[in-house]
Amino acid sequence: MAIRKEQVLLLATLLVAFFWWRSANADPRINQKFAPLTKEYVPQSVLQSPLVMTKLDKATLRQWFREPSETQPLPPRDLPFPALLPLFVVALPLELGPDLAHAELLRISGEVVEGVKLQPKADSDGASDGASDAGADAAPAGIAADKPAGGKPATAESPTTGIRAMAQERWSHVYDQLWLEGQRAPLLGVVTPSAGVDRFDLEDDKFDFAAIKIDFLQFSLTTEKLQQQKSVFDAENRQKVTKVRLAETLKNEVDRRKRKLPNDIGHAAERLVFIDWLLQKGRDAGWAYDVALQQAEDLAKQGGGLDALRAKVRVLHARGDLALELEVYKTTTGDGALAAFRHEGLGQMQARLGLWKDAEADLRSAVQAMPSDARTHASLAEFLQKRGRGKEAMEQAQKVIDALGAVVDDEDRKRVITIIISCQLGLGDVAAARTMLGLLRGDTVSYVRACIDYADGALAAAKDGFQQAASGPEGAAAQLGIGATQLRLGAWQEALSTFEAVADQSPLLRHRVFAGIGLLYLRLGQFDAAISWLDRALEANPQYAYAHYLKGRVHRVAGQLSKAEDSLLQTLRFYDDCAPALAEVAELHSTKARAGSAADQPTQAMAAMRYTDRAVELSSIPLVALLLRQAIAHFEAADPRGAVAAFERVSLLAIKDKSDDAARQAQAGLCVVDYSQDRSEDALATLDRMIQDLQSNKEHPLRKWAEATRRLIENHAEKEQLEDHFERNELGAIWDGSGSKRDGSLGAAIVDHGIQFQGVFGKSTEVSAARMGAIAKGKNFLASSVRLQFGAEHRQEGTETGLRLQSRIGANGSNDFIVWTGFRDGRPFLYLQDGREDPLQPAIKPTDASPRSAHVIELRVEPRDEASRSLRLLCIWDGDVVYQCDIKMLNGQTSNELETSLFVKGQKGVNADARFDDYHLERRKDL
């Protein structure tokens, strides 16, 4: 369809109307042309500001951009802190006691004890190692010692009735005793009753001996042998038997107890007590375990149930029969208490085998099976405690306490209470452990109480308790406790003998014993012997963290820092919260910071500060020794605020503990910090008060320190410094650059704030710049340093560049004393001419010897000692002393002028490009 003309006109009209409407309603500012107004410029008057004040003192009229700054006093020197006692060392931890995370409770002095000589171990090769399993029926060892002096045996007519009585008492443990009518003393021998008569019936007080026949083979105390002829006692015998007592052997005692025990379930408790008694006797006679196992099986047949199973596994565990013990657990089925028994036993076995993950899983399954059973919680707590997770162990121990009332069996109750005490002592809670001790009963009380006393520092009570427990079930552990207590009391020889005896008798305690001997030799300063014993301890138990800690301590004290760090970090892998180990690492880094290179010092100082902070934070009790080290570490790490905070904590702790020396240590530390912050008057006032407080004690170390420190401050106040950073365009009058004008192509010029020697030598010569009039008298010189850097065009071969000190005497200006250090042929070099002595050119080895790096080189002198005027020369590169020696011609009486100069020396045609900056000079004021 075609578009008509009328339609086109209509569309055009509409478009025109639309554009008209939009323009009529638009913002009038849009598309408006910018037409700025023109304003005529009117100049204003300039404010006058004087560049130089008219009335100024003389000092401000100096030419700031042409001369170096004025002479200034030296900044505060480094003052030594009062000497600290050696860091404490942790005494031998017992199995029942604080763990390494709370080992500071066992801290003892770290000072080396001198003058102690230990006697070698006595020869005991011919001694008996103890009774065998059949030894209960043999004669007691040592009975021959009861013979009278001279070796003659005691007879019936002998007046040595006391010796005879003792011999009869001893032999009664081997032979039967038979009393005859009318005789006071029994006969010893072998009693054999008539057939069908039980031997143990003879011990009944109402037994009728006239109704039977007794064959008796008598033992002679005179010959100590059985007689050959047998005696017969019956109704026809004139001598009547009135009493019989069978031999006091273990076998007879076992039979007696078995006869008295009724064979029914109603006496299960008595049978369990009998089994526990057999387990104790089985330590000396292995056959007792067989009897105990039979009793457990009898109890199971009588319906003992879970109690019988627990008794059986106790016997198998004591006998070391892992296969049968594992079989008991695997064959036990059921839920509730049976499931808890199975998982608990499997967890304990896996823990003994080092399967830690599986062990923890089974122990937690046991807890889930019987949440209200204190025994399962106790087993889990014991596992966590041995794994070094003391806080988690205490959480489980608290659940044991809540469920303790439900534990009826005496042995189980004793076990769980002991575990609770172990967890409490592990966290250092001695008071709670003493409270829990009141619930403990039985023959283990003496040992546990002794362990608590040992942790609490009551060493005399601990020793008595261990001696009482030495004959009980914890005999070997008690003997170890005796040795550890003797060591802490300083009874070195007794401790060594005790440790050696325990090592011979108890192989499972050898890692602790060897560590104890290592600690003993550490205290005596015999470091090689200490390392040897600690290595043996780690052979016995490679995961014994205390031995690693002690080995790190020995290496650190012996100066073997890398080995010390390895051992201490190994300790922290086991106990990352061990404050004593952290303190040892901090001491190690402090030693590195003081003895290491200047480049490493900041890193080592920061590490020492961090480790010390961590040790203080984790220490269960505030300790002055750690706080003082923390303060010093912060100061050496350039944190004076942290140092002040730590010293103030020492002051508060000293007030609480009423320790005057600790308070003085804190005040001395604050004095050093005050002086470092330019508060010299405050520091001197503190020193004066300290000297006054100790007026009556002239030999006190802190008084001697205060007097020496005051002298250092006063001596330092007599020193001043000159610095030149060459922030100008010309050398000025204070530098003599005439030495550089001998070669036209080279000259000492200030370029970019530094003295620069740049150009080509026209001949073999030296160019230099000497500091004028700085040291009119050589005795006033202290130190001079400068920063040296070579440009890209400098040729090292055939050139010498550096800092020189030189004094001249005589009309011809001959060198009396000259020393210079810098680079010769691209290598660090030192030259010393001291009077008529042959020149010294010692090899020096800076940490960074590269000529491409910038180096701060320094020559310094210091007194050889406090009373002498003789000096020692120190050559220092980048903050590290690379050489030192005594000098003669420059001393406290030298009145000749000492010249310091910067120089470059080279051969003809050699290109030089050396730059010196940051010149520094220290001197004593010419009073």
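With a relative accessibility of 69%, Glu 681 counts as exposed, because exposed means over 50% relative accessible area. This value, like those that follow, comes from a predicted model. Glu 681 belongs to helix 27, which covers residues 680-693. Ten residues separate Glu 681 from Cys 671 in sequence, and their C-alpha atoms are 9.9 Å apart in space.

## The chain as a whole

The chain contains 28 helices and 23 strands. It has 927 residues, and 45% of them count as buried. Its accessible surface is about 49,600 Å², and carbon and sulfur atoms account for 51% of that area.

Contacts can also be sorted by how far apart the partners are in sequence. Of the contacts in the chain with a separation of 6 or more, 60% are between residues 24 or more positions apart.

The largest nonpolar core is made up of 130 residues. Leu 92, Ile 421, Tyr 454, Phe 466, Tyr 546 and Phe 647 are the residues with the most contacts inside it. Leaving out residues up to four places away in sequence, Leu 92 touches a list of residues including Leu 106, Tyr 454, Leu 480, Phe 499, Arg 512, Leu 519, Tyr 544 and Tyr 546.

Another core, of 47 residues, lies apart from the largest one. Among its residues are Ile 755, Val 767, Phe 790 and Ala 912.

## Thr 801 in strand 16

Thr 801 is part of strand 16, which runs over residues 799-809. Its relative accessibility is 0%, so Thr 801 counts as buried. Neighbours within four places in sequence aside, the residues in contact with Thr 801 include Leu 788, Phe 790, His 794, Trp 820, Phe 823, Phe 903 and Phe 916. Phe 903, one of these contacts, also has the charged end of Arg 804 over its ring, 4.4 Å from the ring centre.

An α-helix has 3.6 residues a turn, so residues three or four places apart point the same way.

## Aromatic rings

There are 20 aromatic pairs in the structure. In one of them, Trp 171 and Tyr 175 are tilted, with 6.0 Å centre to centre and 40° between the planes. Trp 171 and Tyr 175 are both buried. Trp 171 also pairs with Phe 219, again in a tilted arrangement, at 4.8 Å centre to centre and 45° between the planes. Trp 171 is in helix 2 (residues 161-171) and Phe 219 is in strand 6 (residues 214-220), so this pair ties together parts 48 residues apart in sequence. Trp 171 and Phe 219 are both buried.

Elsewhere, Phe 81, Phe 635 and Phe 647 make up one aromatic cluster. Phe 647 is also among the residues with the most contacts inside the largest nonpolar core. A charged residue can lie over a ring too: Arg 387 is over the face of Trp 356, at 4.2 Å from the ring centre.

Phe 209 is in the loop between strand 5 (187-193) and strand 6. Its relative accessible area is 9%, so Phe 209 is buried. Apart from residues up to four places away in sequence, Phe 209 touches Leu 202, Ile 214, Val 241, Thr 242, Lys 243 and Val 244. Phe 209 and Lys 243 are 34 residues apart along the chain, and 8.4 Å separates their C-alpha atoms.

Lys 658 is in the loop between helix 25 and helix 26 (660-676). Its phi is near 55°, a positive value in a residue other than glycine. Lys 658 is exposed, with 75% relative accessible area. Asp 825 is in the loop between strand 17 (814-824) and strand 18 (827-834). Phi of Asp 825 is near 55°, which is positive in a residue other than glycine. Asp 825 has 33% relative accessibility and counts as partly exposed.

Notes. Residues numbered from 1 in each chain as written. Predicted model: local features only at pLDDT ≥ 70, side-chain atom pairs only at ≥ 80, totals over all residues. Heavy atoms only, no water. Phe/Tyr/Trp six-rings, centres within 6.5 Å; stacked < 30°, edge-to-face > 60°. Buried < 20%, exposed > 50% of the residue type's maximum accessible area, 1.4 Å probe, protein only. Helix = DSSP H or I, 4+ residues; strand = E, 2+ residues; numbered from the N terminus. Lys NZ or Arg CZ within 6 Å of the ring centre and 35° of its normal. Core = buried A, V, L, I, M, F, W, Y, C linked by side-chain atoms within 4.5 Å. Contact = heavy atoms within 4.5 Å. Areas by Shrake-Rupley, 256 points an atom, 1.4 Å probe, with all protein chains shown as cover.
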